[in-house]
Amino acid sequence: MYLVECYGQWRYENYSNRSQAAIVRTYKGKVGYFITEYVKPQENADHTGVRWLALRGRSGNGLQFVGAAPLSTSVWPYTQAALASAMHPNEIEPLDGALTVNIDAAQAGLGGSDSWSMRAIPLPQYRFLGKRYEYSFKIVPVTKRSALVNNGRMLKRWCGVPEAGHGGIFTSAG
C-alpha cells in the first residue's frame with residue numbers, strides 16, 4: 001500500500017485544458033483512489049498545478065517531489081507498457097512493490113472542442129508546438145514525522161536552478 005499526499009489540483013484527473021474546476025489544496029489517499037479507469041486502458045490520472053507530491057509506504061517513509069514551478073504529475077501502480085498491452089482494466093499487470101511516477105512540466109491538453117471527430121486534437125494553446133520548455137524539481141526523503149508543507153515551502157526556494165538529476169529540459173518537434 002502506498003499513500004499519496006499532494007498540494008495541487010489532485011482530487012480528480014485533470015489536464016491543462018480541463019483543470020478549471022480542480023481546486024488547489026492538499027490531498028491525501030491511497031494511490032488507487034486517484035486512478036481513473038477507462039474501458040480501454042490508457043494514460044490516466046494526470047494532475048496539474050502540483051506544488052509538491054509525497055509518496056509513502058506503510059512505514060511512513062518515502063519521497064517528496066517539490067517543483068520550482070507547478071508541475072503535472074501522475075502516479076500509477078503499473079507501467080506504461082502494462083497499460084499499452086492491456087485491452088481491459090482487469091488485464092493490467094500491477095507492479096510488485098513499486099510505482100510509476102510521472103513528473104512533467106506539463107502535458108498536452110485532451111481532444112479539442114470537437115472531441116467526437118477524427119480531428120480531435122487539443123487547441124493550439126494546449127499543445128507543445130516546437131518550443132523549448134524547462135522545469136526543475138527536488139527529490140527528498142521523508143519520514144512519517146516530516147512536515148511536508150514546510151518541506152515544500154523550504155525546498156521551493158532551493159529549486160531556482162536545475163541540478164543534475166533534479167530537473168529536465170525537453171524540446172518538442174511540434
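**Figure 1. Contacts and overall fold of the predicted model.** Of the contacts in the protein that join residues at least 6 apart in sequence, 69% connect residues at least 24 apart. The structure shown is a predicted model, and its protein has two helices and seven strands, which follow one another along the sequence in the pattern β-β-β-β-α-β-β-α-β. Buried residues account for 39% of the 174 residues, while the protein exposes about 10,200 Å², of which carbon and sulfur atoms supply 56%.

Figure 2. Glu5 belongs to strand S1, which covers residues 3-9. Glu5 has a relative accessible area of 17% and therefore counts as buried, the cut-off being under 20%. Leaving aside residues up to four places away in sequence, Glu5 touches Thr26, Tyr27, Lys28, Trp52, Leu53, Ala54 and Leu148.

**Figure 3. The aromatic pair of Phe65 and Phe137.** The protein has four aromatic pairs, and in one of them the ring centres of Phe65 and Phe137 lie 6.5 Å apart with their planes at 55 degrees, so this pair is tilted. Phe65 lies in strand S4 (residues 62-76) and Phe137 in strand S6 (residues 132-142), so that the pair links distant parts of the chain, 72 residues apart. Phe65 is buried at 8% relative accessibility, and Phe137 is likewise buried, with a relative accessible area of 11%. Together with Tyr135, Phe65 and Phe137 form one aromatic cluster.

**Figure 4. The aromatic pair of Trp76 and Tyr78.** Trp76 and Tyr78 form a stacked pair, with 6.0 Å from centre to centre and 25 degrees between the planes. Trp76 is buried, with a relative accessible area of 2%, and Tyr78 also counts as buried, at 8% relative accessibility.

Notes:
Residues are numbered from 1 along each chain as its sequence is written. This is a predicted model: local features need pLDDT of at least 70, side-chain atom pairs count only at pLDDT 80 or more; totals for chains, interfaces and linings use all residues. Side-chain values use heavy atoms; hydrogens and water are left out. Helices (H or I, at least four residues) and strands (E, at least two) are DSSP runs, numbered from the N terminus. Buried means under 20% relative accessible area, exposed over 50%, partly exposed in between (1.4 Å probe, protein chains only). Contact means heavy atoms within 4.5 Å. Accessible areas come from the Shrake-Rupley method with a 1.4 Å probe; for residues, only the protein chains shown count as cover. Rings of Phe, Tyr and Trp (its six-membered ring) pair if their centres lie within 6.5 Å; planes under 30 degrees apart count as stacked, over 60 as edge-to-face and the rest as tilted.
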